[in-house]
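Take a walk through this protein, from its overall build down to single residues. Keep the sequence and the structure side by side.

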Amino acid sequence: MNAVLIALLVLPLLGAALTLAPVFGPGPAAADRRALRLNSVVTGAVFLLTVALAAGFDHDEPARMQATTDVSWIPALNVRLHLGVDGVSLPLIVLTALLTFLCALYSEKRLPGGDARGGTPDGHRPSAKAFVGLFLLLEVGMLATFAVLDLLLFFLAFEIVLIPMYFLIARWGSGAKAPAANRFILYTLLGSAVMLLGFLLIGSKAGTFDMQALAAAHGGGLSHTTQVIAALAIMVGLAVKAPAWPLHSWLPDAHTAAPTVGSVLLAGVLLKMGTYGLVRVLLPVVPDGTATLAPYLGAFAAVGIVYGSLACLALARPGAKGDLKRLIAYSSVGHMGFVLLGIASLTPVGVNGALFANIAHGLITGLLFFVVGALKDRYGTADLDTLAGATGAALYGRAPRIGALLAFAAVASLGLPGLAGFWGELLAMFGAFDPADGLSRPAFVTYMVLAGLGTLLTAAYLLIVVKRVCMGDPKQPAPVDGLADLRPYEAVSWTPLAALTLLAGLWPALLLGLSDPAVKHLLGGG
């Protein structure tokens, strides 16, 4: 299985390199079609490899690192090419491969800035080869982040994703795409630089960058002061990517400007890289420093939950000219706040809830961005007032399948029992109700109450969105003529996310059975 894990990383890297070769035939239109088909084939093969990896995974020992590769890479720096998966990383690898494959299928028919056969409204043909090359390079970085077990390799994989995503926003985005891309790259690079300082401090004091060895030591050999400084640096760097309030301000602009597939991967995978790092690095490697900072992380998480919900309520009200993509971006700040709160509790219940909420958010928000992207393609705008019109957009009457999917994703996002969004947030609040020993229970109960208030506010703004966009009189004049319902390529790209949202909600043990032993292993000393 280690060969399968290596192939997961090598295959999209080779695909990205292939886009630089003149092998796509004469004529720009034919070259674009072949490049987009290559994207679907490569990402599809990667997804099949992740299915094989999951099938070959020993589910009786999810706490054990499996499919491992450990060879020396840079001896002078004691950096090793160390790869492996356990019950924490495996679901995220499968989610990443699934979302990239669905985005590739979607892009084959709907290339950002145009389609596979035509150009943009200004007559400029978008480069499909460049798009595919960046897209596959992005997949390499995302998958590697969840598979590497060396701190410096983790940093390298963490950084690989930034450049492709920057260009996806700046070149294939819309609106104020250049400022949004610049803010994205500035925030994340600065955060990564701070995180690297923490990694270097740990490596210099412990004598190794190997994450398994550091986790097994569980802070041994690192003084309390060293742990606190390292934990603070790493936490700040990862919180930017999470994103945690108040380091979130790059996210709404990036989502608003990004193309549909960019928003799906940004919300579905890139945000998870930050929270995954908190669980993989902070909890087992610097436990004392993490425990010192956990109350502050919980406080920022609770404020982020309420702040994100209030921002969405402000955008959802009539006359606010709120952009629906921006609203979903702010909702991500709130939802990721639950993930951070679960991690801050330092309990198996809370951390398991955080990991479950990671997967649930990737599925649900990915579906939301797909649907909203389709509405923006049809209407030419994501402005909520324009979409709703004077009497409501009436999607139930004009495009019932799209309306049903939007409503389904909305109620899943607000945490309806039986759907994926319910379990992660519930377990995160349970973790806050009874935090780990040494943490202030009154403080965390206060955070739990604020999180509960956030769930009510979340239900309020999402139901307002559903009412304004899905309901209304379909006999009234529509904002656009001939609103098309669900297209075949959209159904193929979106249906798996809806099905998995339902499956995870009805069968939470599918994920919790993997993560629980691994989380207890990490919290107990790696």
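Helices and strands here are DSSP runs, numbered from the N terminus; a helix has at least four residues and a strand at least two. With that numbering, Pro 243 falls in the loop between α9 (224–241) and α10 (250–257). The model is predicted.

Start with the whole. The protein has 21 helices and 2 strands. The radius of gyration is 22 Å, close to the 24 Å that the globule rule gives for 526 residues, so the protein is as compact as a globular protein of that length. Its C-alpha atoms fill a box of roughly 70 × 60 × 40 Å along the principal axes. Buried residues account for 59% of the 526. Among contacts between residues at least 6 apart in sequence, 81% join residues at least 24 apart.

Now the surface. The protein exposes about 18,300 Å², and carbon and sulfur atoms supply 68% of that area. There are 31 positive and 27 negative charges, and their mean positions are 9 Å apart.

Next, go inside, to helix α18. This helix spans residues 420–433. Its buried residues include Gly 421, Gly 424, Glu 425, Leu 427 and Met 429. What covers them? The cover includes α13 (324–344), α14 (348–379), α17 (400–413), α19 (441–470), α20 (488–506) and α21 (509–524).

Is Ser 107 buried or exposed? Its relative accessibility is 0%, and the cut-off for buried is under 20%, so Ser 107 counts as buried. Leaving aside residues up to four places away in sequence, Ser 107 touches Leu 36, Pro 112, Phe 131 and Val 261.

Back to the loop between α9 and α10, where Pro 246 is also found. Look at the peptide bonds. The bond from Ala 242 to Pro 243 is cis, with omega near -10°. The bond from Trp 245 to Pro 246 is cis too, with omega near 5°.

Two other loops hold backbone features of another kind. His 218 is found in the loop between α8 (211–217) and α9. His 218 has a positive phi of about 50°, although it is not a glycine. With a relative accessible area of 24%, His 218 is partly exposed. Leu 346 lies in the loop between α13 and α14. Leu 346 has a positive phi of about 60°, and it is not a glycine either. At 16% relative accessibility, Leu 346 counts as buried.

Definitions and conventions
Residues numbered from 1 in each chain as written. Predicted model: local features only at pLDDT ≥ 70, side-chain atom pairs only at ≥ 80, totals over all residues. Heavy atoms only, no water. Rg over C-alpha atoms; globule rule 2.2 N^0.38 Å. Buried < 20%, exposed > 50% of the residue type's maximum accessible area, 1.4 Å probe, protein only. Contact = heavy atoms within 4.5 Å. Areas by Shrake-Rupley, 256 points an atom, 1.4 Å probe, with all protein chains shown as cover. Lys, Arg positive; Asp, Glu negative; His and termini not counted. Charge placed at Lys NZ, Arg CZ, Asp CG, Glu CD.
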